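Student: I have a structure open on my screen and would like to learn how to read it. Could we go through it together, one question at a time?

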Amino acid sequence: AAYDAALTGRIIAPLKALIDTWIGRGQIDRHVSDHSARQLVAIVMGQVQQHAIMTGSGLKREQSVTCAQAAADMFLGGHASTVEQDV
């Protein structure tokens, strides 16, 4: 319970707030931001944890960046706005 509370307060909630901002600006489609924030965090954490379990070491900086970028690309691919923006 303490782990979930810390994860929610320090990572999920700030990410959800950012996602809500993007939704409000029309930059991504409306959806359940809490759910997508949790999914995005799980994708990144799962890859980091799997690597640590299998190799006994953390990801190198380049691997971390690649992992985060791939997760962001997947997220944006699933939630890209279909609304035309005024430029």
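Student: Is Trp-22 buried, partly exposed or exposed?
Tutor: Good place to begin, and keep in mind that this is a predicted model. The relative accessible area of Trp-22 is 25%. Buried would need a value under 20% and exposed one over 50%, so Trp-22 counts as partly exposed.

Student: And Phe-75, is that buried or exposed?
Tutor: Use the cut-off of 20% again. Phe-75 has a relative accessible area of 8%. That value makes Phe-75 buried.

Student: How are the planes of Trp-22 and Phe-75 arranged in their aromatic pair?
Tutor: The count of aromatic pairs here comes to one. In the pair of Trp-22 and Phe-75, the rings are 6.4 Å apart, centre to centre, with 55° between the planes. Under 30 degrees would be stacked and over 60 edge-to-face. The pair of Trp-22 and Phe-75 is therefore tilted.

Student: How many residues apart are Trp-22 and Phe-75?
Tutor: Look at where each one sits: Trp-22 is in helix α1, and Phe-75 is in helix α3, residues 61-79. Their pair links distant parts of the chain. The separation is 53 residues.

Student: What word describes the way α1 lies relative to α2?
Tutor: Helix α1 covers residues 2-24 and helix α2 residues 33-55, and their axes are 8 Å apart at an angle of about 125°. Roughly perpendicular ends at 115 degrees and roughly antiparallel starts over 145. The angle falls between those limits, so α1 is oblique to α2.

Student: How many residues of the contact of α1 with α2 are nonpolar, and how many are polar or charged?
Tutor: The crossing of α1 and α2 is right-handed. Residues making the contact include Leu-7, Ile-11 and Leu-15 of α1, and Leu-40, Val-41 and Met-45 of α2. Sorted by type, the contact of α1 with α2 has 11 nonpolar, four polar and five charged residues.

Student: Which residues does Pro-14 touch, leaving out those up to four places away in sequence?
Tutor: Pro-14 lies in helix α1 and is partly exposed, at 42% relative accessibility. Once residues up to four places away are left out, Pro-14 touches Thr-8 and Gly-9.

Student: Last one: what pattern does the protein chain follow along the sequence?
Tutor: Count the elements to find out: the protein chain has three helices and zero strands. Its C-alpha trace spans about 50 × 30 × 15 Å along the principal axes. Read along the sequence, the pattern is α-α-α.

Note on methods. Residues numbered from 1 in each chain as written. Predicted model: local features only at pLDDT ≥ 70, side-chain atom pairs only at ≥ 80, totals over all residues. Heavy atoms only, no water. Axes fitted to C-alpha atoms, helices over the stretch in contact; angles between N-to-C directions. Helix = DSSP H or I, 4+ residues; strand = E, 2+ residues; numbered from the N terminus. Parallel < 35°, antiparallel > 145°, perpendicular 65-115°, else oblique. Left-handed = near helix turned anticlockwise from the far one by under 90°. Contact = heavy atoms within 4.5 Å. Nonpolar A, V, L, I, M, F, W, Y, C, P; charged D, E, K, R; others polar. Phe/Tyr/Trp six-rings, centres within 6.5 Å; stacked < 30°, edge-to-face > 60°. Buried < 20%, exposed > 50% of the residue type's maximum accessible area, 1.4 Å probe, protein only.
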